[in-house]
Amino acid sequence: MENALLVGLSRQIALGRQMDVAANNLANMNTPGFKAEALLFEEYVSKIDGEKLDNGRLSFVLDSGVSRDVTNGAISATNAPLDVAIVGDGFFVVGGADADRYTRNGHFGLDDLGRLVTRDGDPVLDQDGAEIILDLEGEEISISEDGVISTSLGEVARLGVVEFEKPEDMRKVGGTLYETEEDPIEVDAPRIEQGALEMSNVAPILEMTRMIEVSRSYQSAGKLIETAGDLTRKAIEKLGRQK
């Protein structure tokens, strides 16, 4: 009976985490460049003594990590001159305090210094790893399909676009930013669309269905725990009366 309580509790803990992941996906369904995530599970087998159960083994469920769907989201037009989307593979390069980071979210703007930055204020880097400085005097900004940024004064820089052999292994460091120890590979001929954003690849109906299934499974595990608890209580009461 105690084992049933432990198994049920491990299941509820894993389901709670799964609900958190699904809820986070739904919360970011409109976040440009966001990639849907799913929880990974593994079995933990523990030896038990004095009971004949699965050859002396007790099986628990554990959440072992999170997998990420790296497929591209739909491209949505915004007509904002500093919104850019990568059509195909690749990541924009973002400067960090200790190392470069990478994102598919091309919702950019200008800070007070005229630097091209993300919405969190991190500098967007060019193909040479330098910050991109643009004119603040209202010059019209044009971004070509291959990522070259120009104003009426001429070419300014080219957006840095890189790719990786295993993008699914990149670690999220907040929002839509990722980091990795893998060396970036420069995309020689990126396809950039100005005035557009890559939207999230989250499928809302799928996530809502998953949340309903998780909720039902959580309730089922709760009933298992409740039943095991009632049996334990009755056993204790019976032993007490025998004394």
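This is a predicted model: local features need pLDDT of at least 70, side-chain atom pairs count only at pLDDT 80 or more; totals for chains, interfaces and linings use all residues.
How many salt bridges does the count come to? I get ten salt bridges.

**Entry: the chain as a whole**

I looked up the overall make-up. The protein chain has two helices and 17 strands. Of its 243 residues, 37% are buried. I also checked contacts with a separation of 6 or more, and 63% of them are between residues 24 or more positions apart. The accessible surface is about 14,100 Å², and carbon and sulfur atoms account for 49% of that.

Next I went to Arg115. The side chain of Arg115 makes a salt bridge with Asp111 at 2.7 Å, N to O. Arg115 also makes a salt bridge with Glu131, at 3.2 Å, N to O. Arg115 sits in the loop between strand 7 (109-110) and strand 8 (116-117), while Glu131 is in the loop between strand 8 and strand 9, so this pair ties together parts 16 residues apart in sequence.

Buried or exposed? I checked Asp111 for that. Asp111 has 19% relative accessibility, so I log Asp111 as buried, under the 20% cut-off. Arg115 is at 18% and counts as buried too. Glu131, at 39%, is partly exposed.

**Entry: helix 2 and Glu207**

I then looked at helix 2 (residues 204-242), where Glu207 and Arg210 lie three residues apart, about one turn of the helix. Salt bridges that share partners also join Lys35, Arg104 and Glu198 into one network. Glu207 is buried at 3% relative accessible area, and Arg210 is partly exposed at 24%.

**Entry: Asn25**

Asn25 is in helix 1 (residues 2-27). The relative accessible area of Asn25 is 0%, so I put Asn25 down as buried. What does the side chain of Asn25 have 2.7 Å from one of its polar atoms? I found the backbone oxygen of Glu37 there. Beyond neighbours within four places in sequence, the contacts of Asn25 include Phe34, Ala36 and Val202.

Last stop was the open sheet with strand order 9-10-11, paired antiparallel. Strand 9 (142-143) and strand 11 (154-158) are the edges, each with a single partner strand, so one side of each has no neighbour in the sheet. Strand 9 is joined to strand 10 (residues 148-151) by two bridges. Ser142 is opposite Ser150 of strand 10.

Definitions and conventions: Residues are numbered from 1 along each chain as its sequence is written. Side-chain values use heavy atoms; hydrogens and water are left out. Helices (H or I, at least four residues) and strands (E, at least two) are DSSP runs, numbered from the N terminus. Buried means under 20% relative accessible area, exposed over 50%, partly exposed in between (1.4 Å probe, protein chains only). A polar contact is a pair of N or O atoms within 3.5 Å; within protein, one must be able to donate a hydrogen and the other to accept it, and residues adjacent in sequence count only if both atoms are side-chain atoms. Contact means heavy atoms within 4.5 Å. Accessible areas come from the Shrake-Rupley method with a 1.4 Å probe; for residues, only the protein chains shown count as cover. Two strands pair if DSSP finds at least two bridges between them. A salt bridge is a side-chain nitrogen of Lys or Arg within 4 Å of a carboxyl oxygen of Asp or Glu.
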